[in-house]
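Welcome! Let us take a walk through a protein model together, stopping at a few places worth a careful look. Keep the structure open beside you as you read.

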Amino acid sequence: MKILVSGGCGYIGSHVCIRLAEAGHEPVVVDNLCNSKEAVLSRIKAVCGVRPRFYRGDVRDAVFLGNVFSGEKFDAVIHFAGLKAVGESVRSPLDYYDNNVIGSLRLLEAMCKAGVRRFVFSSSATVYGDAAPVPYVESFPVSASNPYGWTKIMVERMLADLALSDPAWSVMILRYFNPIGAHPSGLMGEDPQGVPSNLMPFIAQVAVRRREKLSVFGGDYPTRDGTGVRDYIHVLDLADGHIAALDYASSHPGCHTFNLGTGRGASVLELLTAFSRACGRELPYEIVDRRPGDLAAYWADPAKAKKELGWSAGYTISDMAAHAWKWQTANPDGYPDE
Ligand code: NAD
Ligand code: UFG
């Protein structure tokens, strides 16, 4: 299949391009490079031998999208393009509604015009809100505590309504838990611009001495060591989940929602210990106040994805740390400018 990958230069999208090419599909990337670099395309080629065709532009730009869709016939779209920083979404909500909601709307409109009706959407565990019991199950009601989370809920709603309106649509809503790790080659990984707000890239930058120490946000949560617990999933396991979702969409019209997680939680200190082992050095840290808005602990119930998609995560926390370390040591400053 020929697959349009919006946001395909980003962290998750670039790893999905590899898995698509390895599965015999043809990824075509649309990205405005607001949080990524074009150099990732050469790395994709170095890993899997295929450099995806690239259209630089914005998914909110209907004219740009019209040109992309009139030039090629796509079988499906996987939509990663969007903004993803929770704190920033609280400070700049309109940017998030514009990019994530309007961007998705424009993309769906362009698909309607072009007659493409298979869609895979990057949603998030954040849609379970702050009151759901763990593990999270897809049938739970949704809620959010920040604009980023609301944008995901709004797009999920839009997709459910669209699929209801026309049985030709196959829509896969994938709720990611915490993707970390990198390609085992060390050629590709996470390259956040500025100070990382997520745990794993921050630890990786402490390991290469770009940052002095990790601030652990809270040591008094009701968890086994007092630090926050999350369901960390290797980015390549997550990527494989997209291939399984595309296959499923081929024979299942309608709108389907799946958790992509491991079903296991790890604490901040457990992740730090795994990374210390991978890099062979005790990494410095300090316990500081809790980060406002953080939950103590959550993880996925991944049973539905296993049963219906035949997918489950295989990599361990040690693998995730080892691969992230390999990427960070080989590329201490991330991807080069091209
Ligand atoms: P990323 O920032 O690395 O990738 C997003 C890509 O989209 C970037 O290359 C960026 O340049 C591009 N982009 C952003 N807005 C665009 C626009 N308007 N037009 C065209 N391109 C645009 O992020 P990621 O971690 O790869 O996340 C991908 C998706 O998965 C996002 O939708 C995110 O919300 C979702 N998600 C991520 C996580 C996570 O922890 N990484 C968790 C849950 C869900
Ligand atoms: N943490 C620290 N220090 C840091 C960064 C994070 O102690 O410097 C802790 C957090 O308090 C939390 C854990 O590490 O306990 C994970 O935090 P992240 O910021 O890496 O991830 P979150 O779980 O907060 O959120 C991430 C994405 C969201 C997504 C969610 C889905 O940032 O976009 O996963 O589960 F919605």
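Start at ligand 1, where one of the oxygen atoms has a backbone N or O atom of Ile12 at 2.8 Å. Before going on, please remember that you are looking at a predicted model.

## Around ligand 1

Side chains take part here as well. Tyr148 places an N or O atom of its side chain 2.7 Å from an oxygen atom of ligand 1, and a polar side-chain atom of Lys152 lies 3.0 Å from an oxygen atom of this ligand. As for cover, the protein hides 95% of the 820 Å² of accessible area that ligand 1 has on its own.

Which residues come closest to ligand 1? There are 28 residues around it, and the closest are Asp31, Asn35, Ser36, Lys84 and Tyr148. If you sort this shell by class, you find 12 nonpolar, 11 polar and 5 charged residues.

Helix α1 (11–22), strand β5 (118–124) and helix α6 (147–165) each supply at least two of its residues. The biggest contribution is that of β5, with 3 residues.

## Around ligand 2

Now move over to ligand 2. Its shell holds 22 residues, and those that come nearest are Ser124, Ser215, Arg230, Arg291 and Asp294. Strand β8 (residues 214–217) provides the largest share of this shell, 4 residues. By class, the shell is made up of 11 nonpolar, 7 polar and 4 charged residues.

| Residue | Part of the residue | Distance to an oxygen atom of ligand 2 |
|---|---|---|
| Arg230 | side chain | 2.7 Å |
| Tyr298 | side chain | 2.9 Å |
| Ser197 | backbone | 3.5 Å |

The protein covers 90% of the 690 Å² of accessible area that ligand 2 has on its own.

## A threonine in a loop

Next, find Thr262, which sits in the loop between β11 (254–260) and β12 (266–267). Is Thr262 buried or exposed? It counts as buried, because its relative accessibility is 12%, and the cut-off for buried is under 20%.

The side chain of Thr262 has two polar partners to look for. One is the side chain of Asp231, with which it makes a polar contact at 2.7 Å. The other is the backbone nitrogen of Arg264, which the Thr262 side chain reaches at 3.0 Å. Leaving out residues up to four places away in sequence, Thr262 touches Asp231, Tyr232, Ile233, Pro302 and Ala313.

## Helix α2 and its end

Helix α2 spans residues 39–48, and its buried residues are Ala39, Val40, Leu41, Arg43, Ile44 and Val47. Among the elements that cover these buried residues are α1, β2 (26–31), β3 (53–56) and α11 (317–330).

Cys48 also belongs to helix α2. With a relative accessible area of 21%, Cys48 is partly exposed. Apart from its neighbours within four places in sequence, Cys48 is in contact with Ile18, Ala21 and Glu22. For a sense of distance, compare Cys48 with Leu105: the two are 57 residues apart in sequence and 32 Å apart in space, C-alpha to C-alpha. After the helix comes Gly49, whose phi is positive, near 85 degrees.

## What about disulfides?

A disulfide is a covalent bond between the sulfur atoms of two cysteines. How many disulfides does the model have? The count comes to 0.

Conventions:
Residues numbered from 1 in each chain as written. Chains lettered and ligands numbered in written order. Predicted model: local features only at pLDDT ≥ 70, side-chain atom pairs only at ≥ 80, totals over all residues. Heavy atoms only, no water. Near = heavy atom within 4 Å. Polar contact = N/O pair within 3.5 Å; in protein donor to acceptor, adjacent residues only side chain to side chain. Areas by Shrake-Rupley, 256 points an atom, 1.4 Å probe, with all protein chains shown as cover. Nonpolar A, V, L, I, M, F, W, Y, C, P; charged D, E, K, R; others polar. Disulfide = S-S within 2.5 Å. Buried < 20%, exposed > 50% of the residue type's maximum accessible area, 1.4 Å probe, protein only. Contact = heavy atoms within 4.5 Å.
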